[in-house]
Amino acid sequence: MGRHSRKAPSPAPAPAPAPAPVPPQAEYEPWPYEEPPAAQWPEPTVNHQGYVAQDPPFAGARAGGHPQQYEPGGAWGARPDSVYGDWHGVPRPRRATGGAAPAAPAAGAALLDSDTPAFGTPAVGFPQVVLEQPAPAPAAFPAPEPDPFTSTGSHRRVPGPRKPVDPVEEPPGSGRGHKVRTYTGMAAAAVTTVLAVVVAGQVIAEGDGAKTGTAAAPGEGRSDPAASRSDGRPTPDAAVAAPAAPSAAPAPAPELTYEQQMAQQLPMDAKLAGPGTFDTVPGVAKAPGKGRLVRYRVDIEQGLGLDPQLFAEAVQRTLNDPRSWAHGGAMTFERVPGGEADFVITLASPGTTGVWCAKSDLDTTVENVSCDSASTSRVMINAFRWAQGSTTYGPDQMFAYRQMLINHEVGHRLGHGHVNCQTPGSLAPIMQQQTKSLDIGGIQCKANPWVFPGS
């Protein structure tokens, strides 16, 4: 049969003879940490089905589960004669009432009696058992030893030896105590680690602040021993709390105008010899005038590091200026990228310039000058002179010197030869070799970049 199946009620056993009376014991005063004697509960009764009724559980009883059922007659679940229930695993002796209990009524009568007392009322003829209501012991002390009961019903406590009990010890087979101790140890280790990191960080910050604060500037000494060591020194906390001001991004340099770029002197080696290969400046610069159309192309030797667009723009602007060869609408100049050009204005290194000028029996290596290689299609502009200028103009007149270079060499291509200054103190003619000298035959003239300077 199952654990909670029911059998038919059996005849109640004969009551046991009353035990001999026991002398009363002296009153026992509870210890300060002990609970006073618990209240008594009434004797369980037999309900109308013949089973022992259960009173409401005492305070502190475990919730859930099935209540204990007793069956009369010695069958499974019958009430023991000597003990009644248990408390924390300790059997409780039955308390005698001091008199013989009357015989229990027959089971049939109990089932058919219409005057059956209500549930929880003590049945007639059954002795009552007084139960001690257990109370949890203080957490700081172990649970007291179970109280012995006497035949006279006395429930006085007998103090015994007090055993130290580990408050976190668990029953055998339970892993809760081990888990509690494990989690407690892990938490303590974590707290210790955090504290160690914080202290180490503070020590490092203080050490860095001390090193920074104690470094004296060169040439300075501490002649006053009474001076404070913290004078004029930022504390580590202040250094950490005050964030460094974000460095402002450098403002982009303003774009230079054409005039500004033409006035700059650029670095260049006087003995530079390039590879002799050229790149044509792409694009077309239309002729602005209505005179005779002259087409030209602009080539730049590779590896010079100069701005090809600036050079091409300088050529177009200079040749079409009213003070240049386009004066009075005589001609107009147009830059083209293809093979229809009348000549090629070439910017080349000193070495390459010398090679191309030598093809027309011209020696430019003596004073590192430019030339019009008439036997070829190239008008050679020496890159060293374009970048550095000459002593006759100086670094402050780079713009004018570059204009003079273009007008002078293109003038040779247009059929004009050298002309020297005839009047002291006057402007030098555009076809004078102004790169070499402004003093020709003892006549000192002034620098002049234009064909018609007075226009």
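View 1. Of the 455 residues in the chain, 29% count as buried. Buried means under 20% relative accessible area, exposed over 50%, and partly exposed in between, with a 1.4 Å probe and protein chains only. This is a predicted model: local features need pLDDT of at least 70, side-chain atom pairs count only at pLDDT 80 or more, and totals for chains, interfaces and linings use all residues. Residues are numbered from 1 along each chain as its sequence is written, and side-chain values use heavy atoms, leaving out hydrogens and water. The accessible surface of the chain is about 28000 Å², and 59% of that belongs to carbon and sulfur atoms. These areas come from the Shrake-Rupley method with a 1.4 Å probe; for residues, only the protein chains shown count as cover. The chain has eight helices and 10 strands. Both are DSSP runs numbered from the N terminus: helices are H or I with at least four residues, strands are E with at least two.

**View 2. Strand E4 and its partners.** Seven of the 10 residues of E4 are buried. Strand E3 (residues 278-280) pairs with E4 in the antiparallel sense over three bridges. Two strands pair if DSSP finds at least two bridges between them. Here Thr280 stands opposite Asp299 of E4. E4 and E5 run parallel, joined by five bridges. Tyr296 has Arg335 as its bridge partner in E5. E4 and E6 also run parallel, with five bridges. Arg297 has Val344 as its bridge partner in E6.

**View 3. The largest nonpolar core.** This core holds 38 residues. A nonpolar core is a set of buried Ala, Val, Leu, Ile, Met, Phe, Trp, Tyr and Cys residues joined through side-chain atoms within 4.5 Å. Among the residues that touch the most other members are Tyr296, Phe311, Trp325 and Trp386. Elements giving two or more residues to this core include strand E4 (292-301), helix H5 (308-319) and H8. A second, separate core has six residues, including Trp356, Cys357 and Met380.

**View 4. The disulfide of Cys357 and Cys371.** The sulfur atoms of this pair are 1.8 Å apart. A disulfide is a pair of cysteine sulfur atoms within 2.5 Å. The torsion about the S-S bond of Cys357 and Cys371 is about -105 degrees, so the disulfide is left-handed. Cys357 sits in helix H6 (residues 350-358) and Cys371 in strand E7 (residues 371-372), 14 residues apart. Cys357 is buried at 0% relative accessible area, and Cys371 is buried at 5%.

**View 5. The disulfide of Cys421 and Cys445.** Here the sulfur atoms are 1.5 Å apart. The link is left-handed, with -90 degrees about the S-S bond. Cys421 lies in the loop between H8 and strand E9 (439-440), and Cys445 in the segment after strand E10 (443-444), so the pair ties together parts 24 residues apart in sequence. Cys421 is buried at 3% relative accessibility, and Cys445 at 4%.

**View 6. Helix H8.** H8 (residues 398-413) has 16 residues and reaches 23 Å from its first C-alpha to its last, close to the 22 Å expected. That expected span is 1.5 Å times one less than the number of residues. In H8, 13 of the 16 residues are buried, so the helix is largely enclosed by the rest of the structure. Just after H8, Gly415 takes a positive phi of about 105 degrees.
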